[in-house]
Every structure is written in structure tokens, then in C-alpha cells.
Amino acid sequence: MSSILKFFKSDNKNTTSVSNVSIDVDSDKSSVGSPPIKRRKPEMSQSDADRNIFPNDIANFCRKQLNDIEKYEVLVHNWIPDVDFKFPTSGKRNLKFQHSWLRSFVWLVYSAAEDGAYCRYCVSFGSNSVGKGGHQNTNLLVQTAFQDWKKALEKFREHQKKKYHLDAMEDGQNFKLIYEKRKSDVISEIDIGR
Ligand SMILES: [Zn+2]
């Protein structure tokens, strides 16, 4: 009888020590949860930092000669904001980029790094014909981020009627077909460079 009591007593002790352990774990947790993380002063410029946060951002592919892999990335794999993405507001009217525009204009891409809009086809296939005229408006959406949200719909509709845009879109769609065909041929063909 007394040995049974002893047994229970020792069992109680075990429970106590177990709960002590769990208290230790809890206190560990709380110390992990509230460490004062020191913000290191960024050594990079702000735009560089942004580009690291958004590696697939279209702004990383603008204003330079792209190879085929990069062109394909721009056409197919560029970063797309979530539906609940908080677009920053700008100007007196607090206007901002509208997510629905991405559905209305298949060529439209939003750059979070620059808070601006680009055309994926003109960025990757429009460089030869666009910009040589030196007219600022043809650079918008192509080499310069479009940010005038008040005029966005009007400008987007204008852009998609331009010949240089239609040419770039045709080139881009042809390129995509050839590129994907070539990728599937890699399995059977070794000499794809020719
Ligand atoms: Zn375009």
C-alpha cells in the first residue's frame, strides 16, 4: 500500500519535472519570438534592393539586349502580383495600378520594383523599332515604366493598336512557339545549336 503511494508520488514528481521542461520550452519560444532584430542599413541603392526582392520583375529585363532564355522569361514567367496585392498609391488623387487591367490587357505587366507598367512583348521584341524615333511616348511601356494611372486605360488602348506593338507581339508569339518546340526537341536531339 505504501509502495503504491510512493509510486504515485514519484509519478507526480515526474509530471512536475515534465511540466518544468515544457515551461522551459515556452520561455525559449517567447525569447525566439521577440528578438530585437537590428535593421542593417542597406548598402545597396533602393532600386537594387527592390530588384533583389522581385527577381522576376520585368524591370530587370528592360533596356538591355535579352538572350532567348530571358525573352522567354519575360513572355511567360515574369512576376504577377496576387489579386490582393497592395499597389502603392500616387499623386493627389491616390490613384494606383488596377489588378483588373492585367486581365484586360494580356501584354500588360506590372513592375513592383518601379511601381510602373510595361508591355511584355515590346520589352522583349520591340527594341529594334521602338525608341529610335526618340519620341517619349513610344518609350513608355517599353523602355520607361508607365505610371500615369489616370490615363492608363486610354494609353493602354492606344498602345495595343501601334504597329510596333503588333509586330512585337507577332514576333513574341512566334518565338514562344519555336522556343517551346526546341525545348521539347532537346530530349531527342543533341545538336540543337544548329
Ligand atoms: Zn507593346
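In the predicted model, the axes of helix α3 (residues 68–77) and helix α8 (residues 163–185) approach within 10 Å and cross at roughly 115°; axes are lines fitted to C-alpha atoms, for helices over the stretch in contact, with angles running from 0 to 180 degrees between N-to-C directions. Helix α3 is therefore roughly perpendicular to α8, a term covering angles of 65 to 115 degrees, whereas those under 35 count as roughly parallel, those over 145 as roughly antiparallel and the rest as oblique. The contact involves Asp68, Lys71, Tyr72 and Leu75 of α3 together with Gly172, Phe175, Lys176 and Tyr179 of α8, two residues being in contact if their C-beta atoms, placed from the backbone, lie within 7 Å. By class, four nonpolar, one polar and three charged residues make up the contact of α3 with α8 (Ala, Val, Leu, Ile, Met, Phe, Trp, Tyr, Cys and Pro count as nonpolar, Asp, Glu, Lys and Arg as charged, and the others, Gly among them, as polar).

Residues are numbered from 1 along each chain as its sequence is written. As the model is a predicted one, local features need pLDDT of at least 70 and side-chain atom pairs count only at pLDDT 80 or more, while totals for chains, interfaces and linings use all residues.

The protein contains eight helices and two strands, these being DSSP runs numbered from the N terminus (helices: H or I, at least four residues; strands: E, at least two). Their order along the sequence is α-α-α-α-β-β-α-α-α-α. Of the 194 residues, 21% count as buried, that is, with 20 or more other C-beta atoms within 10 Å of their own; residues with 12 or fewer are exposed and those in between partly exposed, C-beta atoms being placed from the backbone. Among contacts between residues at least 6 apart in sequence, 58% join residues at least 24 apart.

Strand β1 (residues 108–111) is covered on both faces, with Leu108 and Tyr110 buried on one side and Val109 and Ser111 buried on the other. It runs antiparallel to strand β2 (residues 116–119), to which four bridges join it; strands pair if DSSP finds at least two bridges between them. Ser111 has Gly116 of β2 as its bridge partner. The two strands, β1 and β2, form a hairpin with four residues between them, and Asp115 in the turn has a positive phi of about 45°.

Lys86 lies in the loop between α3 and α4 (100–104). This residue, Lys86, is exposed, with 8 other C-beta atoms within 10 Å. Its C-alpha atom is separated by 9.9 Å from that of Gln98, twelve residues apart from Lys86 along the chain.
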